[in-house]
Each structure stands twice: as C-alpha cells, then as structure tokens.
Amino acid sequence: MKIAVLAGDGIGPEIIAQAVRVLTELQRDGLKVELESGLLGGCAVDKAGVPFPQETQKLVTEADAILLGAVGGPQYDTLPRTQRPEQGLLRIRKLLNLFANLRPAILYPELANASTLKPEVVAGLNIMIVRELTGDIYFGEPRGIEQRNNQRVGFNTMIYSESEIRRIAHVAFQTAQKRNRQLCSVDKMNVLECTQLWRDVVTETAQDYPDVTLSHMLVDNAAMQLVRDPKQFDVVVTGNIFGDILSDEASMLTGSIGMLPSASLDENNKGMYEPIHGSAPDIAGKNMANPLATILSLAMMLRYTFNQEVPAQRIENAVKKVLIQDYRTADIYESGMRQVGTVEMGDAVLKNL
Ligand code: IPM
Ligand code: MG
C-alpha cells in the first residue's frame, strides 16, 4: 500500500508530521505501508512554479491513498487563478475522480463546552455530511469575468448531470444504511433548476433503499436547522458548494474545526484524506495547530481505503483518550485543562496508541 503525503502550506507540514509519527508507529506494529511525499499548493508554486506539478500528478495517480495537510496562504491570493494553491486541490479531486466527500461531525463529550452552542443542543452529535466534490459551480463552464456593456461581469455555471447526482446519492444512501438510516438531501429547488434535478434524482434513487428514510431540505433552512437542532440529522447529502458551506458550519458544532477529518473517495474507494480546516497562516510555524483532525483523517484512510478497521479504531480511541486526559490545543482549550502545542498533542496520541 502506497500513501502519497502532501503536507502543503501553512500549518500543513506541522500537522502532517504528527500524523506521520502515528503511521510510523503502526508500521512498526506491522502495517504494510510505504510513504512518499510530494509538493502541492503554494509550496509547489514556490519550488516548481505551479500548484500541482507533473511529478505530484504521477505520485497521486500511482498511490493507493493520499494524506493531505492544507494548502493556501495570503501571499498566493494575488497570483493568476490557475496558479493558486487551491487549484492544486481542485485538480487532484478532478483528476482522481474523488467525487464522494465524507465529512463526519462528531462531538466528543469532553468538548461539549468548547462548542459555541449550548452543551444540551450538541451533546451526542454525530452527523455525516456527504458532499459531492467534482461537479457543481466549482467546475461548471462557462465561467469567468468579462467586459459586457462597459462594465465587468462575473459568472459561473451551476451544473449537475443525473449520473453525477445518482452516484453520490448511492454513496449517501449506503452510508445511511450503515448508520441510523436517515438521509436528508439539501438543495435549493425553489429557485435553482439544477437542484430541482438534484431532488428528482435523489428521490428516484431512494427506491433502491426502502430501509432508509429520505427527507429534503432547502439549503437556507438546513443552515438554520444545523444550529437550531443539529441532532435531527444523521446523514446529509448535498452538492459541492452547499456542502462546502454547511460542512464548515457543522464543524463548529463540535467545538473546533481543528477536530474534523475528511475522506474524498472515488468509485473504488481510492481516497484522499485531509482535515477539513485550511492552512491557518496566522498560526503557522508556532506549534499551535491542532493535529487531531489530520490524525483522525489517517483513521478514515485505514477504514475506507485499506479496510483496516482495527488500527483505525486504535487511532480513534487514542484521540478519545487524550481528550479524556485533558490535553487541549489552543483552539479547544478551556481553563483547567492542559494546554499543549502541536508536537505535545502528537506525543499524547502516541502514548495512548
Ligand atoms: C474545502 C475547502 C476547498 C473547497 C478550497 C480550499 C478550495 O474550502 O475543502 O472545503 O472549497 O472545496
Ligand atoms: Mg471549505
């Protein structure tokens, strides 16, 4: 099994280093994996002139799974769009057909007070957001900024084919079957035709899954319900742009965006695994970032791509234990807890592993 490791920018290298320590420990215990690192994002722009160099394309194509830190930084925001770090990420998703993005939002009981919501609203929260990742307004053509009637206009295209909707719907229904069998599909069918089709196709697909209860919700209402009563959700399925927004919102229910892992899978469960947070340039290099989302992403990799449930749970249990033992990075710190940096959090996870 070959894992491509792309640390990326900002806090990326720091959080990836901790996940690699965990992997190394598992290797010692007999997990057969090989790691190879590559450049993606701003660091690739700096060293190779482009965000997704040829060499990295080869590496990720040949790998069985990819572990990614984060990409981006303010110094790159003024580059032409095609050279921005985020393009590297979008192009990997597209190149490898990673259309199914799983973003679990789980509240660890120890972090109930770290959420900005009342503990009773979020206690026991366990939502899985299934976000379509290779279509929608992110990739739709035509797109651009151009001159029309003496002024600039900006435009993008929201587009989904029924086959794209159907394949993500199947992933979502099957995910729901393994959980509480409740699937909520989120769209904006009262305004957007594209998402009317979304609703129609998800409804058709439901016929294959009589054991799953399907509901539909408009995205504005879903954004509201997520903070009003988040525990009503089990699995949520939605398109690329709505999923981008709702998954950031859902992450805060759990106390910190620094806790949430993600998996992006293709048809054969080849996957890219990354924390859902960004490169956090403001805290980069300060040993402050929370490495747990990245370490939990590793657990998802073992589960989804490598079918290794035992080491996956071993990692997840180690993370639960460090929280029980009161280790907290700054993003989840409350008074009375033991505040630690990135490396010390990695140490604590290793000790509990
Ligand atoms: C995410 C990120 C990316 C996205 C950015 C960095 C392109 O926000 O993975 O949610 O919008 O998909
Ligand atoms: Mg996002």
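Strands E6 and E7 form a hairpin with 2 residues between them, and Asn 149 in the turn has a positive phi of about 45°. Here helices (H or I, at least four residues) and strands (E, at least two) are DSSP runs, numbered from the N terminus. This is a predicted model, in which local features need pLDDT of at least 70 and side-chain atom pairs count only at pLDDT 80 or more, while totals for chains, interfaces and linings use all residues. Residues are numbered from 1 along each chain as its sequence is written, chains are lettered from A and ligands numbered from 1 in the order in which they are written, and side-chain values use heavy atoms, with hydrogens and water left out.

**Strand pairing**

- Two strands pair if DSSP finds at least two bridges between them.
- Strand E6 (residues 144–148) and strand E7 (residues 151–155) run antiparallel and are joined by 5 bridges; Gln 147 has Arg 152 in E7 as its bridge partner.
- Strand E5 (residues 126–132) and strand E10 (residues 235–238) run parallel and are joined by 4 bridges; Ile 129 has Val 236 in E10 as its bridge partner.

**The sheet of 10 strands**

- An open sheet of 10 strands shows mixed pairing, in the order E2-E1-E3-E12-E11-E4-E5-E10-E8-E9.
- Strand E2 (34–37) and strand E9 (213–218) stand at the edges with a single partner strand each, so one side of each has no neighbour in the sheet.
- On average, neighbouring strands of this sheet are turned by 25° against each other, direction ignored; the axes are lines fitted to C-alpha atoms, and angles in general run from 0 to 180 degrees between N-to-C directions.

**Backbone features in loops**

- Most residues other than glycine have a negative phi, and most peptide bonds are trans.
- Asn 97 has a positive phi near 60°, and this residue is placed in the loop between H4 and strand E4 (100–106).
- Glu 141 and Pro 142 are joined by a cis peptide bond with omega of about 0°, and Pro 142 is placed in the loop between E5 and E6.

- A polar side-chain atom of Tyr 138 lies 2.5 Å from an oxygen atom of ligand 1; for Arg 103 the corresponding distance is 2.8 Å, and for Arg 131 it is 2.8 Å.
- Of the 320 Å² of accessible area that ligand 1 has on its own, the protein covers 77%; accessible areas come from the Shrake-Rupley method with a 1.4 Å probe.

Terms used. Polar contact = N/O pair within 3.5 Å; in protein donor to acceptor, adjacent residues only side chain to side chain.
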